[in-house]
Amino acid sequence: MSEGSAALGPPGPPFTLVERTEEGDSGHVHVHPKSTPDWNNLKVIHRNTLPPRSHFFLYETADDALSRNVSRSKSQRLSGGHQWLFHLSKSPLEGPTDFYSKSYSALAVDPDWSSITVPSMWQREGFGKGPQYTNLNFPWPVNPPHIPIDDNECGRYVTRFVLDDKDKDHQLRLRFEGVDSAFTVWVNDREVGYSQGSRNPSEFDITDFIDLDTSNLLYVEVYQRCDGSYIEDQDQWWLSGIFRDVWLHKFPKTRFEDIHVQTILDDDYKNATLRVDVNINNDAEVHLRFLDAGDKEVAKETKSGKGTITFEVLIQNPEKWTAETPYLYKLVLEMPGCALAERVGFRRIELIDGVFSVNGKPVKLRGVNRHEHHPDGGRTVPPEFLKRDLLLMKKHNINAIRTSHYINDPRLYELADELGLWILDECDLECHGLFVVGGDGLKFASDNPDWEEAYIDRARQMVMRDFNRPSIILWSLGNESGHGRNHVAMYEFIKGVDTSRLIHYEGDWKAESADIISRMYHSVGDIEAYAKERSWDKPVVLCEYVHAMGNGPGAIKEYIDLFYKYPRLMGGFVWEWANHGLRTETSDGIEYFGYGGDFGDDPNDYNFVLDGLCFSDHTPTPGLTEYKKAIEPVQVIGIEDVNKVRIVNRYDFTGLDHLRARWWLVADGSDVSGGKVEIPKGLKPHTECLLTIEKLPNKYPSDAHLNLEFTLAKPTSWAKAGHIIAAGQIQLKKPAPLRSLRELSVPDQKQPTVTLVKPTLLLIVGSNGTKWEFDLAIGALHSWTRPTRPDTNVLTEPLLFSLYRAQTDNDRGCDFGSNWIDRRLHQAKDHLIQFSWGQNADGVVEIVVKGRIAPPVLNWSLETTTTYRITGDLVNIKVHAKPTGKLVPRAWARFGLVTAIAGCESVSWFGRGPGESYRDKKLSQQVGNWELPVSDLFTNYEFPQDSGNRTDVRWVEFLGSGDGEEQRLLRARYGDFEGASFQALFYSDKDLEESQHPFELETRKRDDTIVHLDWMHHGLGTGSCGPETLPQYSLDASQTFDVEIILD
């Protein structure tokens, strides 16, 4: 049964004991339940629901409608944070199954009942077994379409409401915007109906159930799971309840029942026909008014009739809607006592020679996948939190959202219309858990004719609700459900309703029932191969790519450059926008964001729910900063003709007239102010131009860089004037080589002294009183004291080699991480072979240490020859390293030195900053002079892992305090060596690897600072779900190293 099904019979409890006499048997057989419950019956999707309609509110007058203030609408919100009575049972068969026959006052004093906020997820309100996270596995025995009767929590809700006399002669519509996963409704003791489809709206006509003269009671029984749950397996928390708003809409006797708006641009993309299909229930005269953004009347028309009335209004050269120019007109429809308003954007979506285009122009999608998530509410997301998400996206140059993998709160689309975001609207459909239980997963649902109506219903609900939103440019049939006959049926249904948009579905690899080809997590090479195909008529989109789990993603730019290089490539949607951690606390009251398994949930998929560009509180991770840089709409290419800088405009529709630009110089130890840069007017999208940098000096200091910054000239709906849109940096002069920094001549008056204090302890005293001690047993420098602090050893741990890092999520998720463990890289240690020393005629102390870095059990090693040259107050270190033996790892995680420093409070450096950076995640961090407290160098990922690296560093200085001022504890200089890094944390690799939550890591916080001085490191990649680190960013373990560093 579906919408508009026949009225129910007399009300009664859904489960009762009945007696049945079997033929030939004088006894009685008791059957319980008496029939298949709706939530276990594939033939019942809805009972007594109204046909789905577009999302709108009715108002008394046009002025009220234009206000878009729902408090002035003919609607009454029954949710909005109100408290409802609540009872939870382990199963729909248990508990007060006849609760709908009880009075509100009786239930309010019943000790088995409590209260709950609506909307909410009951697991986040302290009820039930708690949240459960799985990526694809169903947390119940798989037997579609059946759900275990004894393992299906049941939440029972009760609230009351009153109506006014003015509500007489109105059709009263009870609308649920989202209930997970299915529910039955009673009003005033009478059963109204049933519905399922967790993220889809359900609307009931309750006019005949209402008493206008007294308080009315609403009873809702919500089922944790239903047969529809098999196609709602969307890599997120399993949560339940009335999680979106509940409305009582009051439609007048003569009313608008639905409205479809289409903007039909001509082939010149200039003039347009505004087509409005209005469905009314009685004969009436309908007045249409069409206003521009400033409320100036553009057109008006009046028509009379009943049923569907169609307006077709010619609009001369309207402003066009795009994500860059989100111009919205206002449509007003009015009848006596009934009005509605809709915002309208003119755009035309099509393929032009196979290229995805809007308004005749190719469009590149710089998108993200967005689940509905709030760290406290789960899928109950407050409107202000939702708006903050979209504002943050706009500020980070994101122009598109995929509503993974269900239709979102209607307010998201309204905000997208207003702010300017392309939307790929996706059906509430995913069933990849059916493909891991053996056999042909398609036969369970996607290619099973018994499920056809269930699939079509998901498409119907999406298209009918969201039809009028200009921001929606693509419909999607769902996600990860294979490809079967039911997807074909969905495609055909949508095309029968809406031909103005294209249809997406990644599971249809041949695009037989999709208008575009969609792929996920394909490598850069694979995507380029698609782009280079000679014959094609459909574009390619990456519906999921650069998996943003933990520290990453790496190598974003390579994808973005391909998108703009090849017309066939539409762009893509990063997986995903935000981590889904849920706020919880330890038994000691320490707050943290929990992931799979933290709530006693089993089975679970652990921390795979933490894979976003934002942390769980939806604040940016370093990955979001890097994505903003990669997709910035102004790209700085390079410098030409002394003072000309070439840039590219990557906007799809606009020039750069809305931006301002400025320049300045950065060099080692200095920042030189510059000035404004004139941007040529009218620069067309996807074209280049040259900027003239006025007053650029003719000579530059060593390692000088030209910085350019592009900001908003005026405020917008999403950012203030001065907001940074893009930034570029061009190196103007190379750094000085390390040999020019050596100060190896020893003052005549005093040379370093060398003393073997003990059989395994070598003491060297420099000309200025600095002391170094080498432990001959391990062949390492283990003490460094300065004359200003003669009793304080700067080094709290010996200076040793380091090849490993605490694995990131992207390391663990690919072969590199497993190879490191298999090859015991994490257990590799320095082993001394020979230690020798002497003093040259010029007084320079030279120490040569031969060793091998090797793990237990295995045969491989990295053989090292380290030469220390000591004079004055500095140590020059040269290293030659060569891999030997069998089963050498594929790559080193890093190659450098590690020690620990006492008293370090802050770090200054010249290199990329101020944020963390890695070989393939660094472009958002510009070279400059930076200083930060040690505590600010650490990125506190919600699952502990390596973080806080700073790369492309020329020098780094570790600072402490003494005598009331900052003092150098240690400085490291790399000269012109490319790719050098440092890391300064209060945690060791072991601390990070053995901690699974930040609160566990906090207990290991050290008083000293672990310092890594790396010549090279391995990139991050996106191996947690996608390509591993690209070859050009991996640290190949087969190579020989010759490197150098100066410490002082």
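Predicted model: local features only at pLDDT ≥ 70, side-chain atom pairs only at ≥ 80, totals over all residues.
## Overall form

The protein has 1048 residues and a radius of gyration of 33 Å, which agrees with the value near 31 Å that a compact globule of this length would have. Its C-alpha atoms fill a box of roughly 110 × 80 × 60 Å along the principal axes, and the secondary structure comes to 13 helices and 60 strands.

Of the 1048 residues, 61% count as buried, while the accessible surface comes to about 39100 Å², with 48% of it belonging to carbon and sulfur atoms. Among contacts with a separation of 6 or more, 72% are between residues 24 or more positions apart.

## A nine-stranded open sheet

Nine strands, in the order β48-β49-β50-β51-β60-β57-β56-β53-β54, form an open sheet with antiparallel pairing. Because β48 (829-839) and β54 (926-933) each have a single partner strand, they stand at the edges, and one side of each is left without a neighbour in the sheet. From one strand to the next, the twist averages 20 degrees.

Within this sheet, β49 (residues 845-854) and β50 (residues 861-871) pair in the antiparallel sense over nine bridges, and Ile-847 stands opposite Tyr-868 in β50.

## Nonpolar cores

The largest nonpolar core has 112 residues, and Tyr-627 and Phe-710 are those with the most contacts inside it. Helix α3 (residues 383-395) contributes the largest share of this core, six residues. A second, separate core of 70 residues includes Trp-772, Phe-835, Val-849 and Leu-969.

Beyond its neighbours within four places in sequence, Phe-710 is in contact with residues including Val-634, Ile-647, Leu-659, Arg-660, Ile-679, Leu-691, His-723 and Ile-725.

Methods:
Residues numbered from 1 in each chain as written. Heavy atoms only, no water. Pairing = 2+ DSSP bridges. Helix = DSSP H or I, 4+ residues; strand = E, 2+ residues; numbered from the N terminus. Axes fitted to C-alpha atoms, helices over the stretch in contact; angles between N-to-C directions. Core = buried A, V, L, I, M, F, W, Y, C linked by side-chain atoms within 4.5 Å. Buried < 20%, exposed > 50% of the residue type's maximum accessible area, 1.4 Å probe, protein only. Contact = heavy atoms within 4.5 Å. Rg over C-alpha atoms; globule rule 2.2 N^0.38 Å. Areas by Shrake-Rupley, 256 points an atom, 1.4 Å probe, with all protein chains shown as cover.
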